[in-house]
Structure formats: structure tokens, C-alpha cells
Amino acid sequence: MPRNALLLLSRLLFAALFVPSGFHALTDIAGTSGYFAGLGLPLPTLVAWATSLFELIAGLLILVGLKTPIVALLLAAFCVATAFIGHYGQGGGDPTLTFMHSQMLMKDIAISGGFLALAMAGAGTYSFDGRAFGTRA
């Protein structure tokens, strides 16, 4: 498969994770802030709004390929932070939940690696970065 088609596919797959997640979190701010409160984060409602908006907007920017290297680096950092804040040491002694959280931690770290690769490769020609701004694909 050509390089630019693979870059488009990777952006679509990343967006398929972050856009619905951000949208869902925004439509259930009470549930999202309850989750953050359960993690012991200060100002859970503010954190819920900020993270939800970040996921949605960053996901949309990745989808269309606008400012991709910067957004991909921010999402890589977000994924690492999410891994350790939301999943490290979670499970409360329940073996099933502990296993699930350890898998989610590793998933977030792996997604971070994908974003680092996307930041390095750029969005490709099938993007705003590649077309509208004439940047190197």
C-alpha cells in the first residue's frame, strides 16, 4: 500500500478512537467527572471538560491532518499521562480489573508510540498539512 494511503489510514484509525471518546465524554460530563473524582484528581469537572474537549479537537485535527506533528506529539504525551493516571495500580485487588487496567496501560503506551511515528512521518499528502499548506508529506 502506498505511503500516503497508509498515513491516511493511520489517521482514520486514531480518529476513530479519539473523536467518539471525546464526544461521549462531553455528552456525559457527570459520568466523566465522577471517574476523575474516583481517581482522586482535583477539580474533576474541570478536568473532565478539558480532557473531553482535547480528545475531540485533537482527534478531529488528526482526522483531517492539520498540524499533525504537533497534535500527534501532544496526543502521545496525553496517552502516557492517561496510562499512568488512569490505569497504573488500578483494580482494587480484583484480579480481573487489575488485569484489565494493566492491559489498558500498555495499550495507551503503544498508542503513544504510534503517535510518535505519526509525528515523525507527518500526515501525508491526503491531508490539510500536505495539500493546503504545501508541507512535505
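Among contacts in the protein between residues at least 6 apart in sequence, what share joins residues at least 24 apart? The share is 67%, with a contact meaning heavy atoms within 4.5 Å.

## Model and conventions

This is a predicted model: local features need pLDDT of at least 70, side-chain atom pairs count only at pLDDT 80 or more, and totals for chains, interfaces and linings use all residues. Residues are numbered from 1 along each chain as its sequence is written, and side-chain values use heavy atoms, leaving out hydrogens and water.

## Fold

The protein has six helices and zero strands. Its elements run α-α-α-α-α-α from the N terminus. Helices (H or I, at least four residues) and strands (E, at least two) are DSSP runs, numbered from the N terminus. The C-alpha trace spans about 50 × 30 × 20 Å along its principal axes.

## Burial

The protein has 137 residues, and 35% of them count as buried. Buried means under 20% relative accessible area, with a 1.4 Å probe and protein chains only.

## Largest pocket

The largest pocket has a volume of about 640 Å³. Lining it are 25 residues; Ser 21, Tyr 35, Glu 55, Phe 78 and Thr 82 are the closest to its centre. A pocket is an open set of points on a 1 Å grid where a 1.4 Å probe fits, with protein on both sides within 12 Å along at least five of seven lines; lining residues have an atom within 4 Å of a point. The volume is the space filled by probe spheres set on the points.

Helix 1 (3-27), helix 2 (29-38), helix 3 (44-64), helix 4 (68-86) and helix 5 (95-121) each supply at least two lining residues. Helix 4 gives the largest share, six residues.

Notes: Buried < 20%, exposed > 50% of the residue type's maximum accessible area, 1.4 Å probe, protein only.
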